[in-house]
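Dear colleague,

Please find below the structure that I am handing over to you. My notes on what was found in it follow directly after.

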Amino acid sequence: MQTFILTQTQFNQWDNFCLDNGKAMYEHGDSYMNEYNEETKTFSVRVSQTEQSGIIKFLEKVLDTF
């Protein structure tokens, strides 16, 4: 699993990505797990290394833009 730590703004972008690509993610059997840390006000998104829907590339891009 690969973990990405996101701010609220970054998480909103991730949420939109999931809505836009949910069908492909489902068809490829991709999965992820979101967790919110109340203390740091950040989100952890855990993604399998074997995902096929461009999830990791998207999250890397989101992190590079901030």
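I begin with glutamine 10, which lies in helix α1. This is a predicted model, and the remarks here should be read accordingly. Glutamine 10 counts as buried, because its relative accessibility is 4%, and buried means under 20%. Its C-alpha atom is separated by 15 Å from that of methionine 33, a residue 23 positions away along the chain.

Helix α1 also holds lysine 23. In contrast to glutamine 10, which counts as buried, lysine 23 counts as exposed, since its relative accessibility is 63% and the limit for that class is over 50%. Between lysine 23 and serine 53 there are 9.8 Å in space, C-alpha to C-alpha, although the two residues are 30 apart in sequence.

As to the overall fold, the protein has three strands and two helices. Read from the N terminus, the order of the elements is β-α-β-β-α. The C-alpha trace spans about 35 × 20 × 20 Å along the principal axes of the protein. The radius of gyration is 11 Å; a compact globule of 66 residues would have a value near 11 Å, so the two agree. Of the contacts with a separation of 6 or more, 62% are accounted for by residues 24 or more positions apart.

The interior comes next. Buried residues make up 33% of the 66 residues. The largest nonpolar core has 15 residues, and those with the most contacts inside it are Leu6, Trp14, Val45, Val47, Ile55 and Leu59. At least two residues of this core come from each of β1 (2-6), α1 (8-28), β3 (42-47) and α2 (55-64). In soluble globular proteins, nonpolar side chains tend to be buried together.

Neighbours within four places in sequence aside, valine 45 is in contact with Gln2, Thr3, Phe4, Leu6, Phe11, Trp14, Met33, Asn34 and Leu59.

Glutamate 35 lies in strand β2 (residues 32-37). With a relative accessible area of 38%, glutamate 35 is partly exposed, because that class falls between the 20% and 50% limits. Once neighbours within four places in sequence are left aside, the contacts of glutamate 35 are Thr42, Phe43, Ser44 and Arg46.

The loop between β2 and β3 contains lysine 41. Lysine 41 has a positive phi of about 60° although it is not a glycine. Most residues other than glycine have a negative phi. Lysine 41 counts as partly exposed, at 45% relative accessibility.

The protein exposes about 4500 Å², of which carbon and sulfur atoms supply 49%. There are 5 positive and 10 negative charges, and their mean positions are 3 Å apart.

With kind regards

Definitions and conventions
Residues numbered from 1 in each chain as written. Predicted model: local features only at pLDDT ≥ 70, side-chain atom pairs only at ≥ 80, totals over all residues. Heavy atoms only, no water. Helix = DSSP H or I, 4+ residues; strand = E, 2+ residues; numbered from the N terminus. Rg over C-alpha atoms; globule rule 2.2 N^0.38 Å. Buried < 20%, exposed > 50% of the residue type's maximum accessible area, 1.4 Å probe, protein only. Contact = heavy atoms within 4.5 Å. Areas by Shrake-Rupley, 256 points an atom, 1.4 Å probe, with all protein chains shown as cover. Lys, Arg positive; Asp, Glu negative; His and termini not counted. Charge placed at Lys NZ, Arg CZ, Asp CG, Glu CD. Core = buried A, V, L, I, M, F, W, Y, C linked by side-chain atoms within 4.5 Å.
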